[in-house]
Amino acid sequence: MTFLSPDQIAELKKPLDRKHVSSRSQAGRDLSYIESWFAISEANRIFGHGAWNRETSIQMIGQPREVGDKWRVEYLAKVRITVGDIIRDGCGFGQGIDKDVGQAHESALKEAESDAMKRALMTFGNPFGLALYDKSQSNVVDIVETINDAQQAELQVLIEQSGMGSAKFLSSFGIEKLSDLPEKKFAPAGKRLREIIHENTTKKEAA
């Protein structure tokens with residue numbers, strides 16, 4: 001029997017970053033969703049490349065019909081996601097409207113498969129859009145990217161060389177520990193520390 005690792009479970013429980021949420025208007029309502037490419041990317045990241053499988057079955061609803069000068073085509077899709085021996089199914093609907101009947105088929109097929117795949121993956125957790133099904137969307141948050149281990153080590157060396165002291169550095173950025181520093185502040189922080197080091201060196205040489 002397949003069991004997800006503790007790290008995988010932790011990833012599936014994490015809130016969904018708001019920056020990955022898109023929206024569209026449908027039937028007078030604003031709907032939130034994640035893009036198909038992002039769902040696939042997250043599956044590769046969390047489960048591993050080649051460690052999950054997608055099976056798709058497609059059924060056309062009725063026959064293509066003319067709507068004005070265009071063709072309208074509709075499909076139903078069922079997608080099965082398999083991770084080891086864990087199986088999740090999802091169903092989706094797609095419609096295509098185009099002057100070219102072939103393009104109408106393609107649009108409908110893509111929409112149906114994407115919708116079904118996301119519904120199947122959604123059952124695994126928040127990163128796949130489960131958080132969007134909660135009306136309050138309490139697990140959809142703005143996640144601030146923080147510095148990585150290499151960046152943290154680099155800054156620690158610069159802090160020591162500058163003589164600034166960790167406590168003063170942390171206080172100046174309003175954080176409790178170095179790993180909490182937002183990634184976007186890494187470059188400015190490094191620049192300032194190098195300026196202090198240069199100023200200290202200049203003073204010593206002038207003394």
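A pocket is an open set of grid points, where a 1.4 Å probe fits, with protein on both sides within 12 Å along at least five of seven lines. In this predicted model, the second largest pocket has a volume of about 330 Å³, and the largest pocket holds about 720 Å³ of space.

**The largest pocket**

- At least two lining residues of the largest pocket come from each of β2 (21-26), β3, β7 (86-98) and α3.
- Helix α3 supplies the largest share of this lining, namely six residues.
- By class, the lining of the largest pocket consists of eight nonpolar, six polar and seven charged residues.

**The second largest pocket**

- The lining of the second largest pocket is made up of 13 residues.
- Glu 11, Lys 14, Pro 15, Arg 45 and Ile 143 lie nearest the centre of the second largest pocket.
- Strand β1 and helix α2 are the elements that give two or more residues to this lining.
- The greatest contribution to the lining of the second largest pocket, three residues, is made by α2.
- Five nonpolar residues, one polar residue and seven charged residues form the lining of the second largest pocket.

**Helix α2**

- Helix α2 comprises the 12 residues 36-47.
- The buried residues of α2 are Ser 36, Phe 38, Ala 39, Glu 42, Ala 43, Asn 44, Ile 46 and Phe 47.
- Among the elements that cover these buried residues are α1 (6-13), β1 (16-17), β3 (29-34), β6 (70-83) and α3 (101-122).
- After α2 comes Gly 48, which has a positive phi near 105 degrees.

**The nonpolar cores**

- In soluble globular proteins, nonpolar side chains tend to be buried together.
- The largest nonpolar core has 28 residues, of which Phe 47, Ile 81, Leu 121, Phe 124 and Phe 128 touch the most other members.
- Two or more residues of this core come from each of α2, β6 and α3, and α3 gives the most, with seven residues.
- Leaving aside residues up to four places away in sequence, Phe 128 touches Leu 12, Ile 34, Ala 39, Glu 42, Ala 43, Ile 46, Phe 47, Lys 118, Leu 121 and Met 122.
- There is also a second, separate core of 13 residues, including Leu 155, Ile 159, Leu 170 and Ile 197.

**Two loop residues**

- Ile 175 is located in the loop between α5 (166-173) and α6 (186-206).
- The relative accessibility of Ile 175 is 15%, which is under 20%, and therefore Ile 175 counts as buried.
- When residues up to four places away in sequence are not counted, Ile 175 touches Leu 170, Asp 180 and Leu 181.
- Gln 137 belongs to the loop between α3 and β8 (140-141).
- Although Gln 137 is a residue other than glycine, its phi has a positive value, near 50 degrees.
- Because its relative accessibility of 22% falls between the limits of 20% and 50%, Gln 137 counts as partly exposed.

Conventions
Residues are numbered from 1 along each chain as its sequence is written. This is a predicted model: local features need pLDDT of at least 70, side-chain atom pairs count only at pLDDT 80 or more; totals for chains, interfaces and linings use all residues. Side-chain values use heavy atoms; hydrogens and water are left out. Helices (H or I, at least four residues) and strands (E, at least two) are DSSP runs, numbered from the N terminus. Buried means under 20% relative accessible area, exposed over 50%, partly exposed in between (1.4 Å probe, protein chains only). Contact means heavy atoms within 4.5 Å. The expected span of a helix is 1.5 Å times one less than its number of residues. On a 1 Å grid over the protein atoms alone, a cavity is a set of points where a 1.4 Å probe fits but cannot get out, and a pocket is an open set with protein on both sides within 12 Å along at least five of seven lines; lining residues have an atom within 4 Å of a point. Grid points are joined across faces, edges and corners, and a volume is the space filled by probe spheres set on the points. Ala, Val, Leu, Ile, Met, Phe, Trp, Tyr, Cys and Pro count as nonpolar, Asp, Glu, Lys and Arg as charged, and the others, Gly among them, as polar. A nonpolar core is a set of buried Ala, Val, Leu, Ile, Met, Phe, Trp, Tyr and Cys residues joined through side-chain atoms within 4.5 Å.
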